[in-house]
Amino acid sequence: MRKLLAVLAVLVALTLLAVWLLFPVDRQDGEAPRAAYTPPVDSVERGRELVTMADCRACHTARGGAPFAGGYAIPTPFGTFFTPNITPDAQTGIGRWSATDFWHALHNGYSKDGTLLYPTFPYTNYTRISRRDADDMYAYLRTVPPVSRPTRAHELGFPYNHRLLLVAWRLLFFRPGVYESDSTQSADWNRGAYLAQGLGHCSACHEARNALGAVKSKHNPAGGLVLNWYAPTLTSPREAGVHDWSIPNIVMLLKTGRTGSTALQATTMGPMGEVVYNSLQYTRDEELRAMAAYLKSLPDTGARSGGLVRSSAHTGTLSKGETIYADDCAQCHGDNGEGRAPAAPPLAGNRAVTMSSTVNPVRIVLFGGYSPGTAGNPRPFGMPPYFQTLRDDQIADVLSYIRASWGNHAPPVSGDEVGRNRGSPLF
Amino acid sequence: MKTLLLRLSAVMIAFGGAHAADTAPPPLDSIGQRVQPCLPCHGKEGRATREGYYPRIAGKPAGYLFNQLVNFRDGRRHFPMMTYLADLQNDAYLREMAGFFGAQRVPYPPPQPPQVGAAVLERGRRLVMEGDAALRVPSCRSCHGTRLLGVEPAVPGLLGVSQDYLTAQLSAWRIGARAAHAPDCMAELVQRLRPEDVNSATAWLATQAVPDDTGPEQGFEHPPALRCGSIPQTGQQP
């Protein structure tokens, strides 16, 4: 407690210094790399496409609520955030905001009255968006029906409930700045980078956050934990990297939520399923191809592989796991984890199974789930939940077995790891 | 939530593995295969059991089942697992799932033995079969079908479901935790009931044997005494 107060005191002292460091903020407004297709002439229509790519609606709409009227709850380690109303309602929304006020929120992370905003609103990515694109988004948001719905206060623990902390946080972690094209790369690559880093805010989930909720670094090899899922890193083919995938396969994953070819089967679930369902499935193929080109070029940081030698200590676990697999899983995933197209993906050679973080496989066996029902994959198959029929140790045994069979070599899973996820919220 | 899950776990382990083995597996590229994730909870073909909380979904009108999937997805009903499963699915697919379960004609479990006294049961029977004019409560039967097996396309049957489940649903309406399409006749009706009536009605319903599942009735004898937003006006899809 004393320590925290001391920290706060230092922060207060830093404030004065910080204020002039932070305002004037970056005022530059560069050009976005040209879209990979011919965008609509109408700025409202352009704005609608951009807002969809940025997935603003998913966060700013409560379940079953009016679009953009806010009230959606985002649980984080710091407490629960409630998104504000961004419909053009004058009292409770952003009806009195000018295009410049809107630009400051997106680009500089502060509200109309100067309040510093929490980076749960991923302006750390949106700052890459060009002024012209931001103006189009503003033009579109002016046209959505205004809804009177007061914004609910966040419920955050001490000391995070003090926005003052954000002053120091920004000093440490936030540099506003629009995307600057890299002239050594192709136009497509630049467009893809602009979309992935800015609008698509992939790194908001796919990079690890530190104890203060900041994305650790641009080149961080470790993915991030979001909403109790693990977002694997895009910089390793052992996790979510798509370095050696073909462009059409990457586009298919982003557009439909799964890739079909048996040689390379991947599905999206949880938060990634949500991004595909609400945003990526509506993105133009040309734009997705540009994004794919950029993703393929990300540095390969070569994340660790498991390296399990079947030691005698595990044989007991593995044989228990084998029995459970034969009883409960083989009917869909095949006797040798080869999968049964189209009803279930292979588990042999599947990185979603062997990834070093066990969070997603544990969650998937506990709670099951479907890929999103997109236009390109409208009737997805689903995985049944096992939280009621299998105990923690049994789920651990079967996961340890599939992680160490048919050519998979990943370390075992413990019952505690399963237990820790049992109470996880479902999204 | 956690305790509910634990309770459900116990129930499931008891009746465990109802999904596997004893029937031939459905063809791989079929709706039967696609709804496998539903069966650990709702039972083989969606038939459930009298015990436990999971509702029977087999043989309920498809329009009703579809409305519920949408209600979970859109936050009018709350059960995290159901919301999670319906969340990112399009209407056409949810309708197909609803159609699959709606078309199942499978035996009902035997009735539960009465847990309450004769007076309570009699009060329950009166509410279900005759209603209560003084409270302005129409009989349940007038909407849920003369045999209480539901009315196409949007009113569910009330038999073959556990009393726990029925009571929980009526209580959810009372406290505003469950809603149907407006105007929500069930919400209106539950407000008119006395608190103890809920238990009487559900206790009686749970003790009723079901002759054989000939499915929901095709239409109402008389138009419902209250307007229900979930019942489509003639000619319109639910």
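Chain A and chain B bury about 3,000 Å² between them, and 60% of that area is on carbon and sulfur atoms. The model is a predicted one. The contact draws on 35 residues from chain A and 36 residues from chain B.

Polar links also run across this contact. Between chain A and chain B there are 14 residue pairs in polar contact, counting pairs with both residues at pLDDT 80 or more. The number of salt bridges between chain A and chain B is two. In a salt bridge, the side chain of A:R63 meets that of B:D87, with 3.0 Å from N to O.

On the side of chain A that touches chain B, the elements giving two or more residues are helix 11 (270–278), helix 13 (312–333), strand 8 (369–370) and strand 9 (382–383) of chain A. Helix 11 of chain A supplies the largest share of that side, four residues. Sorted by class, the side of chain A that touches chain B has 19 nonpolar residues, eleven polar residues and five charged residues.

The cysteines come next. Over all chains, the structure holds one disulfide. This disulfide joins B:C185 to B:C228, with an S to S distance of 2.2 Å. The torsion about the S-S bond of B:C185 and B:C228 is about 105°, so the disulfide is right-handed. B:C185 lies in helix 10 (residues 185–192) of chain B, while B:C228 lies in the segment after helix 11 (195–206) of chain B, so the pair ties together parts that are 43 residues apart in sequence.

B:C185 counts as buried because its relative accessibility is 13%, under the 20% cut-off. B:C228, at 7% relative accessibility, also counts as buried.

Cysteines in chain A give a contrasting case. A:C56 is in no disulfide, and the nearest cysteine sulfur, that of A:C59, is 8.8 Å away. A:C56 counts as buried, because its relative accessibility is 12%. For A:C202, the closest cysteine sulfur is in A:C205, at 8.9 Å from the sulfur of A:C202, which is too far for a bond. The cut-off behind this is that a disulfide needs two cysteine sulfur atoms within 2.5 Å.

Technical notes: Residues are numbered from 1 along each chain as its sequence is written. Chains are lettered from A and ligands numbered from 1 in the order in which they are written. This is a predicted model: local features need pLDDT of at least 70, side-chain atom pairs count only at pLDDT 80 or more; totals for chains, interfaces and linings use all residues. Side-chain values use heavy atoms; hydrogens and water are left out. Contact means heavy atoms within 4.5 Å. Buried area is the accessible area (1.4 Å probe) that two parts lose on being put together, summed over both. A salt bridge is a side-chain nitrogen of Lys or Arg within 4 Å of a carboxyl oxygen of Asp or Glu. A polar contact is a pair of N or O atoms within 3.5 Å; within protein, one must be able to donate a hydrogen and the other to accept it, and residues adjacent in sequence count only if both atoms are side-chain atoms. Ala, Val, Leu, Ile, Met, Phe, Trp, Tyr, Cys and Pro count as nonpolar, Asp, Glu, Lys and Arg as charged, and the others, Gly among them, as polar. Buried means under 20% relative accessible area, exposed over 50%, partly exposed in between (1.4 Å probe, protein chains only).
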